[in-house]
Amino acid sequence: MSIAKAAPIAAWIRAVWRLLILGLIAAAPGAAEAADSVTIEISNYSFAPMDVTIAPGTTVVWINRDESPHTIVSTDRLFGSKAMDTDDRYSFTFGTEGDYGYVCSLHPYMTGMIRVRKP
Ligand SMILES: [Cu+2]
């Protein structure tokens with residue numbers, strides 16, 4: 001291989017290597033951090049996942065995947081949605097630590113729990 005051809009390849013390898021290292025640095029501290037939002041799917045008349053633990057400041061997004069309407073109603077009346085049709089979404093951001101139970105007011109046997117804990 002001539003030097004004229006080898007030089008761009010060496011530069012390319014250095015660039016890829018730099019990107020890899022930058023990627024590792026970017027990924028490492030963030031890995032332990034909580035996601036900004038969590039999705040809970042409503043299907044077959046249940047919440048999935050039914051019980052979630054999140055960090056303060058996390059937004060929970062519920063999506064109705066059923067053909068029937070459902071609601072999200074906090075046991076303590078801290079949050080609540082209107083009747084959600086298929087593929088409708090409702091979201092709420094949890095700022096304070098604690099346990100937040102909720103039900104579907106149309107089917108009160110559908111229960112869920114959001115646990116807000118500092119990581
Ligand atoms: Cu329901």
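Beyond the residues within four places of it in sequence, Trp62 makes contact with Ile40, Ile42, Ile72, Arg89 and Tyr90. The model is a predicted one.

Trp62 also belongs to the largest nonpolar core, which has 9 residues in all. In soluble globular proteins, nonpolar side chains tend to be buried together.

## The open sheet

An open sheet is built from 4 strands, arranged in the order S3-S8-S7-S5 with mixed pairing.

The partner of S3 is strand S8 (residues 107-116), and the two pair in the parallel sense over 4 bridges. Within S8, Met113 stands opposite Asp51.

## Backbone features in the loops

Most residues other than glycine have a negative phi, and most peptide bonds are trans.

The peptide bond joining Ala48 and Pro49 is cis, with omega about -5°. Pro49 lies in the loop between strand S2 (46-48) and S3.

Asn44, in the loop between strand S1 (37-43) and S2, has a positive phi, near 50°. Asn44 is exposed, because its C-beta atom has 9 others within 10 Å and 12 or fewer counts as exposed. Arg77, which is not a glycine, has a positive phi of about 60° and is located in the loop between S5 and strand S6 (89-94). Arg77 is likewise exposed, with 7 other C-beta atoms within 10 Å.

Definitions and conventions. Residues are numbered from 1 along each chain as its sequence is written. This is a predicted model: local features need pLDDT of at least 70, side-chain atom pairs count only at pLDDT 80 or more; totals for chains, interfaces and linings use all residues. A nonpolar core is a set of buried Ala, Val, Leu, Ile, Met, Phe, Trp, Tyr and Cys residues joined through C-beta atoms within 7 Å. A residue is buried if 20 or more other C-beta atoms lie within 10 Å of its own, exposed if 12 or fewer, and partly exposed in between; C-beta atoms are placed from the backbone. Two residues are in contact if their C-beta atoms, placed from the backbone, lie within 7 Å. Two strands pair if DSSP finds at least two bridges between them.
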